[in-house]
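Work through each task before reading its solution.

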Amino acid sequence: MIDSLASATDTEVAAAAALAGAEVVRARYGRLHSRIDKGSGDFATDADLAAEQAILDVIRAARPGDAVHGEEGGRQGAADAEREWLVDPLCGTLNYATGSQLVAVNVALRNGSAAVADPFSGEVFLTDGETARIRSGVPGDERPLAPTAETRLVDVNLDPPVPSAPGFRAVDLLAHPGFVENFRPRVVSTTLALAWVAAGRRAAYVTDGGDLSGSVHFAAGIALCRAAGCVVTGVDGGPVGSGGRGLVVAADAGTHELLLSMTGGRGRTG
């Protein structure tokens, strides 16, 4: 399969790479994993490393001239490469290491195609940068992503750091009277939740942070949500990019405006 990808589109390469990583993650689930300390309470497991290698194998075979920036291995490839892939081989490592299946495998070509794979449902969410769709584990089952706020479920990332405090803290959002009146919180601690916003399974996703547009954790999910037609800004309502602050990603403008009214944002889409 890897050899046949040389003539494939970037979207198909992203999907194949994400699914290759997902296969490793699924196969190693439930084992006693070795941990590699990354400091500040963060760590990787042997599954993270093996999944990243499987993803790299696909990208290198299909796009040998491209650079790859992996969460575990850093940037690899020619220094002057014009294209770069952003890889998060196991988003939700702590979930995974403690026996939870709430994880994602993220692969994105910077400013291009992207894919997010769910190792346990068999689904892969993919975009060519213009359209977004989902493939189930059933052959031939592919359909467009259709965001909707009907669930009223908002996923909030509570993981540190909290660079926007005291102006904005995600934990304070959960206690806001307007939030309690309009939404129900969820905390899955993985960017799989971004794909769920694009798919209509979440009304919105909120996280603190800096510029997340080039993050290996967030790039694929942001690309999916934008292509699906979600509203994507920082927590201050400003554009996501250089100088940006976190994310508010909502299925529609009304949900986005309501959340920004609680985060202190300006209500400006981007």
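**Exercise 1.** Find the side chain with which the side chain of Arg-202 makes a polar contact.

*Solution.* Start at the side chain of Arg-202: its partner is the side chain of Asp-155, at 3.2 Å. A polar contact here is a pair of N or O atoms within 3.5 Å; within protein, one must be able to donate a hydrogen and the other to accept it, and residues adjacent in sequence count only if both atoms are side-chain atoms. The model is a predicted one, where local features need pLDDT of at least 70 and side-chain atom pairs 80 or more, while totals for chains, interfaces and linings use all residues. Residues are numbered from 1 along each chain as its sequence is written, and side-chain values use heavy atoms, leaving out hydrogens and water.

**Exercise 2.** Is Arg-202 buried or exposed?

*Solution.* Take its relative accessibility, 10%. Buried means under 20% relative accessible area and exposed over 50%, with partly exposed in between (1.4 Å probe, protein chains only). Arg-202 therefore counts as buried.

**Exercise 3.** Work out the surroundings of Asp-208.

*Solution.* First, set aside neighbours within four places in sequence; Asp-208 is then in contact (heavy atoms within 4.5 Å) with residues including Val-162, Pro-163, Phe-168 and Gly-246. Next, look at the side chains: a polar contact of 2.7 Å joins Asp-208 to Ser-164. Finally, check accessibility: Asp-208 is at 10%, so this residue counts as buried.
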